[in-house]
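These notes are meant for a colleague who is opening this entry for the first time. Please keep the sequence and the structure in view while going through the points.

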Amino acid sequence: MVEKSAGNRISLLAHFPSSNMSNITPDACNVDSDLDSVLPPSLYAVVFVIGLPANLLALWAAWLQVQKGKELGVYLLNLSLSDLLLICALPPWTDYYLRRDVWGYGPGACRLFGFIFYTNLYVGAAFLSCVSADRYLAVAHPLRFPGARPIRSAAAVSALVWVLELAANSPPLFRDAITKDRYNHTFCYESYPLSGKGDALANVGRVLAGFLLPWGIMLLCYAGLLRALRGSASCERREKRRVRRLALGLPCVALLCYGPYHALLLLRSLVFLTGGGSVAAGESCALEERLFPAYHASLAMATLNCLADPALYCLACPGARGEVAKAIGRVVAWVMGKDRRSWRERGGDGRGMGGRGEEMGMVEMGGRGASSIV
């Protein structure tokens with residue numbers, strides 16, 4: 001005699017052809033949201049249209065800093081590269097949300113674009129912490145750690161970041177990343193509820209190592225920078241304000257962009273683990289169904305980091321605005337068919353800011369008898 005719950009499950013699955021049975025998760029949660037096909041695609045479109053040219057400009061300006069031998073340019077170049085990779089992965093994800101969580105490009109494309117998307121979220125957070133640490137060492141300890149800031153050291157640190165992040169995010173590449181349910185969803189790189197204890201524990205690790213660790217580094221560097229600036233008598237007031245804005249902007253951007261997504265990811269994982277890692281507990285699905293709209297919205301918000309990073313670049317490099325203005329001036333002059341000199345004569349090269357910024361970049365830290373590039 002078959003139990004009633006088992007009978008219900010059999011009746012539900014009887015509607016599916018037997019050829020699809022192996023691809024369908026019978027215990028899936030009934031997650032759905034009208035917001036899902038509106039907010040994430042809209043945010044992704046904005047990030048793509050604005051973020052692509054902005055990060056291309058930032059990449060070019062960072063390369064100029066690298067050519068000048070500035071180690072900060074190495075971190076900013078890698079940050080822009082990471083943002084560009086993430087932005088280039090957005091079109092198929094936009095289509096995914098427009099289809100209301102139906103991935104239509106096959107398992108191989110799911111693994112590829114999922115890997116690019118999620119890996120570069122964490123690569124971006126890691127390089128934001130690298131920028132914070134570099135600025136802290138430049139201001140607070142210009143002489144104590146002279147070997148930590150040459151351009152070769154920055155390149156080595158950047159290579160290490162990429163290797164660690166690529167390795168940490170590679171496991172989904174070697175398994176099926178697509179999950180189908182009985183509600184006509186074809187999820188890519190996600191399942192509701194989580195597929196097992198291993199995924200839940202991996203999510204907790206991502207929250208701790210991929211978000212909280214870099215964010216903690218940014219906060220510590222911000223506190224250290226404030227102490228260093230308070231002890232500097234010779235640093236100009238204007239320069240102090242710029243350094244404070246940069247030091248505060250880094251952790252704020254990370255918290256606003258990455259914080260909501262990781263808070264919900266941690267909550268989902270902990271509820272799953274405390275429930276014994278079993279899908280049968282209805283409480284897990286009840287939570288998943290309530291969180292689903294906010295969870296997808298927070299994931300889309302994380303990509304707004306690609307718009308904030310170019311703005312932070314202008315704070316990190318005093319001459320950046322002049323370089324970017326010069327590049328925009330060249331493009332506008334080319335589009336309008338005008339001579340580049342006519343643009344520069346109207347102040348389009350940003351020399352007033354750029355030249356002044358380069359001089360302001362040399363900040364003498366009072367009481368230390370040394371100068372450092374901020």
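1. A salt bridge is taken here as a side-chain nitrogen of Lys or Arg within 4 Å of a carboxyl oxygen of Asp or Glu. By that criterion, a search of the whole structure finds 7 salt bridges. The model is a predicted one, in which local features need pLDDT of at least 70 and side-chain atom pairs count only at pLDDT 80 or more, while totals for chains, interfaces and linings use all residues. Residues are numbered from 1 along each chain as its sequence is written, and side-chain values use heavy atoms, with hydrogens and water left out.

2. One of the salt bridges joins R100 to D34, with the closest N and O atoms 3.1 Å apart. Because R100 lies in the loop between α4 and α5 and D34 in the loop between β1 (24-25) and α2, the pair ties together parts that are 66 residues apart in sequence. Helices (H or I, at least four residues) and strands (E, at least two) are DSSP runs, numbered from the N terminus. The two partners can also be described by their cover, where buried means under 20% relative accessible area, exposed over 50%, and partly exposed in between (1.4 Å probe, protein chains only). R100 is partly exposed, having a relative accessible area of 29%, whereas D34 is exposed at 59%.

3. D101 has a positive phi of about 65° although it is not a glycine, and with 0% relative accessibility D101 counts as buried.

4. Two further salt bridges may be compared with the one above. The side chains of R175 and D199 meet at 3.0 Å, N to O, and this pair links distant parts of the chain, with R175 in the loop between α6 (151-168) and β2, and D199 in helix α7, 24 residues apart. R175 is partly exposed, with 43% relative accessible area. The side chains of R135 and D134 also form a salt bridge, at 2.2 Å from N to O, and both of these residues are buried.

5. Strand β2 (residues 178-181) and strand β3 (residues 186-188) run antiparallel and are joined by 3 bridges; strands are said to pair if DSSP finds at least two bridges between them. The two strands form a hairpin with 4 residues between them, and in the turn N184 has a positive phi of about 70°. K180, which lies in β2, stands opposite T186 in β3 and is partly exposed at 34% relative accessible area. K180 is also 8.6 Å from A28, C-alpha to C-alpha, although the two are 152 residues apart in sequence.

6. What is found in the loop between β3 and α7? Y189 is found there, with a positive phi of about 65° although it is not a glycine, and Y189 is buried at 18% relative accessible area. P193 is found in that loop as well, and the peptide bond from Y192 to P193 is cis, with omega near 0°.

7. On the surface, R227, R230, R241, R244 and R245 gather in a patch of positive charge. The elements that give two or more residues to this patch are α7 (197-230) and α8 (237-274), and α8 supplies the largest share, 3 residues. R227 has its place in helix α7 and is exposed, with a relative accessible area of 51%. Patches are made of residues with over 30% relative accessible area and no salt bridge, like charges being joined within 9 Å and nonpolar side chains (Val, Leu, Ile, Met, Phe, Trp, Tyr) within 5 Å. Lys and Arg count as positive and Asp and Glu as negative, with His and the chain ends not counted.

8. A nonpolar surface patch of about 330 Å² is made by V46, F48, V49 and I50. F48 is found in helix α2 (residues 39-67) and counts as partly exposed at 31% relative accessibility.

Definitions and conventions:
Accessible areas come from the Shrake-Rupley method with a 1.4 Å probe; for residues, only the protein chains shown count as cover. The place of a charge is taken as NZ of Lys, CZ of Arg, CG of Asp or CD of Glu.
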